[in-house]
Amino acid sequence: MSQETDLELNNRNTVHEICKPFVLDDDTLRKIKDLFLNDIKMGLCKATNYKAVVKCWITYVQSLPSGCETGKFLALDLGGTNFRVLCIYLEGQANFHMDFEVYEIPEKLLVGPGRDLFDHIAECLAKFIKTLGVKKDEELPLGFTFSFPLKQNGLDKGDLVAWTKGFNCPGVVGRDVVELLREAIDRRGDINVDITAILNDTTGTLMSCAWKNRNCKIGLIVGTGSNACYLEQLKYVSTYEPEADNRVPTMIINCEWGAFGDSGSLEFVRTKYDKEIDDVTHNRCHQLFEKMVAGMYLGELVRKLMLDCCKAGALFKGNESEQLNKENTFKTKFISQIEEEKRGTYVITKAILEMMGYKNPTDSDCENVRYICECVSRRSAHMVATNLACLIDRIGDPYVVVGIDGSVYRYHPHYHDLLMQKIRCLARPEHKFDLMLSEDGSGRGAALVAAVAARIKSKEMEKSEHKRSRMLRRSEARKSNKIS
Ligand code: BGC
């Protein structure tokens with residue numbers, strides 16, 4: 001490598017200085033871990049839940065799958081960039097196969113009336129079912145993976161609390177989305193499905209991984225958005241009052257950790273870039289943790305840092321390209337691509353910078369851009385690791401597996417290692433853990449929750465059948481007593 005010139009050294013120092021607020025030391029992360037634990041406790045407690053920002057919603061999924069679940073299920077997966085419809089065949093002994101179709105959601109539906117969005121979902125579902133060749137009288141159970149904050153009132157009931165990730169359809173917040181989907185299906189009148197369960201993508205991920213590995217007790221998404229759920233002891237969940245005959249001691253809790261920081265608790269680490277990003281979103285002042293760690297925002301953070309470095313004269317000789325000045329031109333996937341490249345080679349980086357309007361960036365420009373990417377992705381991984389360490393310690397098992405999905409975790413070349421290393425440093429040493437990539441959590445997980453729902457339904461039917469025949473026996477006994 002050629003000797004660094006004074007100018008290059010100066011530029012590098014400037015870039016590092018600008019990126020400094022993104023480098024969080026372990027003491028800062030420990031402080032974040034304590035704050036998160038505090039927020040979790042507030043969410044779980046009935047007396048404080050109303051003012052908690054990390055809501056810790058009840059999912060009504062109380063136990064993990066056994067691996068023996070069987071059946072044919074439909075699933076819908078809404079919540080990221082695409083929308084999917086799936087048919088999953090659970091074959092027991094952790095075997096399964098599935099068919100699925102990906103459908104685009106036109107931009108205008110993301111912010112248009114909720115009714116149009118649900119009509120579109122129902123239309124895609126109908127198209128898909130027709131390709132399956134389902135018999136006319138066959139009613140398939142359906143699990144709906146709906147990856148937004150939901151206040152659930154049962155396995156198949158959930159009111160939308162708020163839209164996130166760029167969705168903003170009027171007329172849905174505060175409504176039961178299962179009802180809205182049923183209404184859209186009824187409006188068509190051409191398909192026969194039974195929506196038996198609604199779930200978050202984190203719950204799907206946890207169920208899907210637990211199906212393969214009994215030690216999995218946390219489900220995590222770091223994709224367009226970010227969130228986690230975990231298996232909690234019911235004795236700590238005063239927001240839930242079980243029925244008298246419900247003796248299952250656990251419940252999957254959907255943390256909705258994207259909203260961590262919405263109370264102001266993360267202001268000491270939020271940078272001016274985070275604030276600028278928040279300012280132009282539909283949900284200003286909400287989902288502040290998510291906006292620091294999730295895929296929807298990471299590329300834009302890099303662009304803003306690059307622009308500031310350029311303005312300081314430390315990047316691209318101070319020439320601001322049109323693309324660099326335009327919002328959302330730097331895609332989050334560029335971060336993974338740049339960091340994937342072997343250190344000291346810049347073929348991919350140069351191709352990406354060309355798309356950003358720079359024909360001949362110098363090697364040191366490329367090196368500095370890589371550094372900016374690393375700071376943004378590392379901060380994301382470290383903050384996610386901090387919350388995970390908190391959940392691992394809270395569960396308190398000697399060994400826990402975390403099931404993970406989402407494009408950031410899946411495609412960033414070092415995210416997994418960054419998480420491993422930082423959790424090891426922040427969780428108690430007696431708590432061992434592993435991170436497991438989820439195989440299609442939103443689909444298979446939805447089928448597993450739908451299977452749980454079917455089991456509960458048939459138990460309830462059995463119970464009411466018992467009750468009926470007991471009453472019948474009693475009344476017959478009374479009648480015959482009277483007669484004799
Ligand atoms: C939503 C969560 C979801 C997460 C990951 C967040 O924006 O609020 O419900 O789990 O994104 O998709």
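Two strands are taken to pair if DSSP finds at least two bridges between them. Helices (H or I, at least four residues) and strands (E, at least two) are DSSP runs, numbered from the N terminus. The model is predicted: local features need pLDDT of at least 70 and side-chain atom pairs count only at pLDDT 80 or more, while totals for chains, interfaces and linings use all residues. Residues are numbered from 1 along each chain as its sequence is written, and side-chain values use heavy atoms, with hydrogens and water left out.

View 1. In S11, asparagine 254 is the bridge partner of tryptophan 57. S1 and strand S11 (residues 250-254) run antiparallel and are joined by 2 bridges. The open sheet has 6 strands in the order S1-S11-S10-S9-S12-S13, and its pairing is mixed. Strand S1 (57-58) and strand S13 (432-437) each have a single partner strand and stand at the edges, so one side of each is left without a neighbour in the sheet.

**View 2. Packing of helices H4 and H5.** The axes of helix H4 (residues 114-132) and H5 come within 9 Å and cross at roughly 60 degrees; axes are lines fitted to C-alpha atoms, for helices over the stretch in contact, and angles run from 0 to 180 degrees between N-to-C directions. H4 and H5 are therefore oblique to each other, given that angles under 35 degrees count as roughly parallel, over 145 as roughly antiparallel, 65 to 115 as roughly perpendicular and the rest as oblique. Residues in contact (heavy atoms within 4.5 Å) include Phe118, Ile121 and Leu125 of H4 and Leu180, Leu181 and Ile185 of H5.

**View 3. Packing of helices H9 and H12.** Helix H9 (residues 295-311) and helix H12 (residues 363-395) have axes 10 Å apart and pack at an angle of about 140 degrees. H9 is therefore oblique to H12. Among the residues that meet are Leu298, Leu301 and Leu305 in H9 and Val369, Ile372 and Val376 in H12.

View 4. Rings of Phe, Tyr and Trp (its six-membered ring) pair if their centres lie within 6.5 Å; planes under 30 degrees apart count as stacked, over 60 as edge-to-face and the rest as tilted. The count by this rule is 16 aromatic pairs. Phenylalanine 148 and phenylalanine 167 have ring centres 4.9 Å apart and planes at 65 degrees, so the pair is edge-to-face. Phenylalanine 148 lies in the loop between strand S5 (140-146) and strand S6 (150-154), and phenylalanine 167 in the loop between strand S7 (157-160) and helix H5 (177-188), so the pair ties together parts that are 19 residues apart in sequence.
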